[in-house]
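This report is meant to be read with the sequence and the coordinates open side by side. It follows a few strands, helices and loops, and then turns to the nonpolar cores and to the protein as a whole.

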Amino acid sequence: MLKEMFKKTGHIHLPGKLAEPSVPEGLWIKCPKCGETLYKDDVVSNQYVCYRCGGYFRVRARNRIRMVADPKSFEEWDRGIEIPDPLHYEGYQEKIAGLKEKTKLDEAVVTGKIRINGEEAVIGVCDVRFLMGSMGYVVGEKLTRAIEKATELRLPLILFTASGGARMQEGIVSLMQMAKTSAALRRHSDAGLLYITVLTDPTTGGVTASFAMLGDIILAEPGALVGFAGPRVIEQTIGQKLPKGFQSSEFLLEHGIIDGIVERMELKDTLYHLICLHKEAVPEHLEQSLETPEMLHDKKSKDKKKRPANAWEKVQAARSAERPTSLDYIEQLFDGFIELHGDRTFRDDGAVVSGIAKFHGVPVTVIGQQKGKTTKENIIRNFGMPYPEGYRKAQRLMKQAEKFGRPVICFVDTPGAFCGMEAEERGQGEAIARSLLEMSGLKVPILSIVIGEGGSGGALALAVGNEVWMLENSTYSILSPEGFASILWKDSSRAQEAAGKMRLTADDLKDLGIIEQVIEEEEPVTAETLPEVARRMDGRIEEFMEKYGKMSGEELVCQRYDRFRNM
């Protein structure tokens, strides 16, 4: 049936830059692909598609809703949530105020309830005119509330994605929205409800690596740019130039990442047909406990260490080649570790180690991101940057842990997920998104410990835990200070300054409520000081196991949900 519904060939790819996302005012409009001057009314009546070459214009959120919803059926939700400024980023509030005035939007997403040919659904539509559709706290909050309400009302959910990714100006707070939205989607899925995503141009970064790739059915518009890392980021990070059409929706279809490509004119009928196909599949009643235990808090350390001179020094310490790796901690903390390999789909990724061991006699599943200590080892380990198959291997082991009732302990140490061509071909964004989804619903205790670098979504994919801890000289951030400076200031040489603004240290993140514990280091940990640091870690892990081992699977899931829901 999908083959009949979706055209898989003959679609137009839109290379290079597209026009501004909004349709200009006035009588005439220029096509973003062929450059022809067109009569605006004819473009609007043609669903914002060029009637000469077939090129697609980007569509404003409210226009998009009008295109798929029955007339006067849209009921808007959650307008006017206050936008925070956790980094106190200079000029951010002024920029937001200007965009609100210019776009008449309150944020980069519009949510609410609609009817499609009489069938009710919850909808969320991203709008790239508002800070390139980036996802900060309010976008994450509006989406989460919409997902929760869809679950409460037992309605299908449709999200139209268009975004540059997580919002730089809100730092790691924006990164947490990836986990928050994914956890809400897990509950919607557990209720047996339909979730459809429609990927539009562009869909990248943290949005790709969360709610965009978690649909039961994933559709895309022709020629849309979709990828975990955008072409410019890939070229500047690792020097790879992407071939034409590499991150298009057609490319994703070819590689099995999406279900189909739908022409804009056919989209409303396609959505209606899919909703109708799934109506009988939705159970009338599904019992589930939503009662949440009180949040558990660990005791603060009696001896608070002096903070280092600046955040940049901690960045350097976290990156040090002398710093112990995940395997070093596994050797110190666990008995009888047996490494298990492979994702059962493509290959074994050396950047992720996983297996079974015993901790004080209790079987556990251990997963860690692994860097090398020599050039040869780093090549094998890909410098600690996992491929999609690394995350899929971790997911496989986590589901196995759930089956056999084993707690999961994760060690986070990565500069970020690998963002090269191979990773995009194998669905890096989907792999990270799936990790967030699976971890949010796992019915065994999960503890995640950042032991070195916690880089962006690649780190978060192993850090959706009941608790997250950090070593004192580790870091956890939305991206590297160099990337932060390059994106916001167009000057990567200001990395040291960026580190100070990003609030990426363990103490910063404890203050923000992002992590529960900071594990002290008398000095930046090395092979010589590892046994003492591991001894401290051992005692705290034992307390964690005792505390969370008493909770039921449902209580563990609820606690983990609330942890991120309150971010």
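In this predicted model, strand E15 and strand E16, the latter covering residues 467–471, pair in the parallel sense over four bridges, and within that pairing Ile449 stands opposite Trp469 of E16. Strand E14, residues 408–414, is likewise joined to E15 in parallel, here by six bridges, with Thr414 standing opposite Gly454 of E15. A further parallel partner of E15 is strand E17, residues 475–477, to which three bridges connect it; in this case Glu453 stands opposite Thr475 of E17. E15 itself spans residues 446–455, and because ten of its ten residues are buried, the strand is largely enclosed by the rest of the structure.

The surroundings of strand E12, residues 352–359, are built from antiparallel pairings. Strand E11, residues 335–339, is joined to E12 by three bridges and runs antiparallel to it, and the bridge partner of Ile338 in E12 is Ile356. With strand E13, residues 362–369, E12 pairs in the antiparallel sense over eight bridges, among which Ala357 has Val364 of E13 as its bridge partner. The hairpin formed by E12 and E13 has two residues between the strands, and His360 in this hairpin takes a positive phi near 50 degrees. Six of the eight residues of E12 are buried, so this strand, too, is largely enclosed by the rest of the structure.

The strand pairings described above can be set side by side as follows.

| Strand pair | Sense | Bridges |
|---|---|---|
| E14 and E15 | parallel | six bridges |
| E15 and E16 | parallel | four bridges |
| E15 and E17 | parallel | three bridges |
| E11 and E12 | antiparallel | three bridges |
| E12 and E13 | antiparallel | eight bridges |

Helix H6, residues 171–190, has 20 residues and reaches 30 Å from its first C-alpha to its last, which is close to the 28 Å expected at 1.5 Å a residue. Since 18 of the 20 residues of H6 are buried, the helix is largely enclosed by the rest of the structure. H6 is followed by Gly192, whose phi is positive, near 75 degrees.

Several backbone details elsewhere deserve a look when the coordinates are inspected. Asp201 and Pro202 are joined by a cis peptide bond with an omega of about -10 degrees, and Pro202 is found in strand E7, residues 195–204. Phe383, although it is not a glycine, has a positive phi of about 55 degrees; this residue lies in the loop between helix H13 (375–381) and helix H14 (388–404). Arg503 is also not a glycine and has a positive phi of about 55 degrees, and its place is in the loop between helix H19 (495–502) and helix H20 (506–512).

The packing of nonpolar side chains can be described through two of the cores. The largest nonpolar core has 133 residues, and those with the most contacts inside it are Leu271 and Tyr476. The largest share of this core, eight residues, comes from H6. Apart from this core lies another, of 28 residues, which includes Ala357, Val366, Ile451 and Met551. When residues up to four places away in sequence are not counted, Leu271 touches Val68, Ile116, Ile158, Phe160, Ile196, Val198 and Leu219.

Taken as a whole, the protein has 22 helices and 18 strands, and buried residues make up 60% of its 567 residues. Among its contacts between residues at least 6 apart in sequence, 74% join residues at least 24 apart. The accessible surface of the protein comes to about 23600 Å², and carbon and sulfur atoms account for 49% of that area.

Technical notes. Residues are numbered from 1 along each chain as its sequence is written. This is a predicted model: local features need pLDDT of at least 70, side-chain atom pairs count only at pLDDT 80 or more; totals for chains, interfaces and linings use all residues. Side-chain values use heavy atoms; hydrogens and water are left out. Buried means under 20% relative accessible area, exposed over 50%, partly exposed in between (1.4 Å probe, protein chains only). Two strands pair if DSSP finds at least two bridges between them. The expected span of a helix is 1.5 Å times one less than its number of residues. A nonpolar core is a set of buried Ala, Val, Leu, Ile, Met, Phe, Trp, Tyr and Cys residues joined through side-chain atoms within 4.5 Å. Contact means heavy atoms within 4.5 Å. Accessible areas come from the Shrake-Rupley method with a 1.4 Å probe; for residues, only the protein chains shown count as cover.
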